[in-house]
Amino acid sequence: MKLAIYPGSFDPVTKGHLNIIERAASIFDQLIVCVMVNADKKPMFSRQEREDMIRKVTGHLPNVVVDASDELLAEYARQKGSCVIVKGLRAVSDFEHEFQMALINRNLNPQLDTMFLTAEHEYMFLSSSIVRELGSYSVSLEDYIPAEIIEEVTDRIQSVHERRK
Ligand code: ADP
């Protein structure tokens, strides 16, 4: 069975992420979307909320499993056995960092390969941080966020923004 892991912060999951998930799920037998929890970062959505939102928007993909981890990605992948890491690339600026991460992961776990999927052109500009920023100005998020989670994401961004005023 060909297994892949798609790691990220998904704070929150966007249409750009979902596009990569759908394409990777059609290439591999099983895809684990893993919310990587970083103790140094303060996300807008909790680990559980991010997992639940990804589950909501991937309900139509039977070979997608959602998980979360605070381990090193290379270690998480080792425990899953033979697998490939999937990453999305939006621009050259993503490449440098992702290339470094791929090499580090391979150094830590020589069996681990990283596969890059290029972003769909309509999502090249899209990131979770742009979504959080637009939402704080009350811009409609329908072009950027899957319909199933728009209300939840909009409400959270606005309540955080109100509190900071
Ligand atoms: P973000 O940069 O949006 O905060 P994450 O840390 O959650 O995203 O990213 C997880 C993975 O998804 C990374 O490989 C990132 O390059 C990729 N990704 C993020 N947004 C997009 C997009 N719009 N199109 C393609 N890949 C993307």
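Predicted model: local features only at pLDDT ≥ 70, side-chain atom pairs only at ≥ 80, totals over all residues.
Trainee: Why is Thr14 called buried?

Mentor: Buried means under 20% relative accessible area. Thr14 has 2% relative accessibility, so Thr14 counts as buried. Thr14 sits in the loop between β1 and α1.

Trainee: Which residues does Thr14 touch, leaving out those up to four places away in sequence?

Mentor: Thr14 touches Leu126, Ser127, Ser128, Val131, Tyr144, Ile145 and Pro146. Contact here means heavy atoms within 4.5 Å.

Trainee: What makes the pair of Thr14 and Gly16 a polar contact?

Mentor: The cut-off is 3.5 Å between N or O atoms, with one able to donate a hydrogen and the other to accept it. A polar atom of the Thr14 side chain lies 3.1 Å from the backbone nitrogen of Gly16. The distance of 3.1 Å is therefore within the 3.5 Å limit.

Trainee: How do you know that the buried residues of α2 are on the same side?

Mentor: Start with the list. In α2, residues 47-57, the buried ones are Arg50, Glu51, Met53, Ile54 and Val57. They cover an arc of only 160° around the axis, so they lie on the same side of α2.

Trainee: What covers the buried residues of α2?

Mentor: The cover includes α1, β2 (30-36), β3 (64-69) and α6.

Trainee: Now the largest pocket. What makes a residue part of its lining?

Mentor: A lining residue has an atom within 4 Å of a pocket point. For the largest pocket, 43 residues line the space, and Pro7, Gly8, Ser9, Lys41 and Lys87 lie nearest its centre. Elements that give two or more residues are β1 (3-8), α1 (15-27), α3 (73-80), β4 (84-89), α4 (92-108) and α5 (128-136). The largest share, seven residues, comes from α4. The volume is about 1,200 Å³.

Trainee: How many nonpolar, polar and charged residues are in that lining of the largest pocket?

Mentor: The lining has 17 nonpolar, 14 polar and 12 charged residues.

Trainee: Which residues line the second largest pocket?

Mentor: Lys42, Pro43, Met44, Arg132, Glu133, Ser136, Ile157, Val160, His161 and Arg164. Both α5 and α6 (150-164) give two or more of them. α6 gives the most, with four residues. The volume is about 220 Å³.

Notes. Residues numbered from 1 in each chain as written. Heavy atoms only, no water. 1 Å grid on protein atoms, 1.4 Å probe; cavity = no way out; pocket = protein on both sides within 12 Å on 5 of 7 lines; lining within 4 Å. Points joined across faces, edges and corners; volume = space filled by probe spheres on them. Nonpolar A, V, L, I, M, F, W, Y, C, P; charged D, E, K, R; others polar. Buried < 20%, exposed > 50% of the residue type's maximum accessible area, 1.4 Å probe, protein only. Arc of directions from axis to C-beta.
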